[in-house]
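I opened this notebook to look up charged contacts and ring contacts. My entries follow in the order in which I checked them.

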Amino acid sequence: MSYYDSFGKFGDKTAFLQEDGETLSYAQLEVFAKELGEAVPERCLVFSFCKNAIGSAAGYLSFLYNKIVPLMVDAKINDVLAQHLLDVYSPSYLYLPDELLEQYPYPVVLSRFGYSLVKTN
């Protein structure tokens with residue numbers, strides 16, 4: 001059993017503390033991980049647009065928890081490079097900050113902690 005397979009055992013202890021004071025407990029992380037796992041098939045490729053935020057970290061650990069393959073890219077990636085990577089890898093899902101939703105107008109599958117999971121195909 002790996003650390004990221006058993007968030008619940010840490011209960012209400014703080015898993016993440018953001019600079020604005022927002023927190024996320026291990027129990028909340030486990031609930032989110034299970035929700036995400038119900039939405040995305042195992043071994044599926046997901047592009048995760050990352051920034052220094054609870055939603056980004058929670059998504060990454062939830063992907064590992066569910067044996068989902070995350071390809072992590074900077075949320076501020078150049079648009080041309082991002083489109084090239086999407087064309088080359090054809091991920092089934094994108095996990096991105098809510099402020100990028102207009103740039104990637106796909107159906108939203110799950111939205112938590114300022115991040116959304118969208119289905120690309």
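I call a residue buried under 20% relative accessible area, exposed over 50% and partly exposed in between, with a 1.4 Å probe and protein chains only. I am working on a predicted model, in which local features need pLDDT of at least 70 and side-chain atom pairs count only at pLDDT 80 or more, while totals for chains, interfaces and linings use all residues. Residues are numbered from 1 along each chain as its sequence is written, and side-chain values use heavy atoms, with hydrogens and water left out.

Entry on salt bridges. I took a salt bridge to be a side-chain nitrogen of Lys or Arg within 4 Å of a carboxyl oxygen of Asp or Glu, and my search of the whole structure found three. For helices (H or I, at least four residues) and strands (E, at least two) I used DSSP runs, numbered from the N terminus.

I looked up Glu 30 and found it bridged to Lys 34, with the closest N and O atoms 3.7 Å apart; both residues lie in helix H1 (residues 26-39), four residues apart, or about one turn of the helix. Glu 30 is buried at 14% relative accessibility, whereas Lys 34 is partly exposed at 44%.

I then found Arg 112 in a salt bridge with Glu 35, the closest N and O atoms being 2.6 Å apart. This pair links distant parts of the chain, since Arg 112 belongs to strand S6 (residues 108-112) and Glu 35 to helix H1, 77 residues apart. I noted Arg 112 as partly exposed at 32% and Glu 35 as partly exposed at 27%.

The side chains of Glu 99 and Lys 51 also meet in a salt bridge, at 2.6 Å from N to O. Glu 99 is in the loop between strand S5 (93-97) and S6, and Lys 51 in the loop between strand S3 (45-50) and helix H2 (54-65), so this pair ties together parts that are 48 residues apart in sequence. Glu 99 is exposed at 54%, and Lys 51 partly exposed at 36%.

Entry on aromatic pairs. I paired rings of Phe, Tyr and Trp (its six-membered ring) if their centres lie within 6.5 Å, calling planes under 30 degrees apart stacked, over 60 edge-to-face and the rest tilted; the count came to seven aromatic pairs. Among them, Phe 10 and Tyr 26 form a tilted pair, 4.8 Å centre to centre with 45 degrees between the planes.
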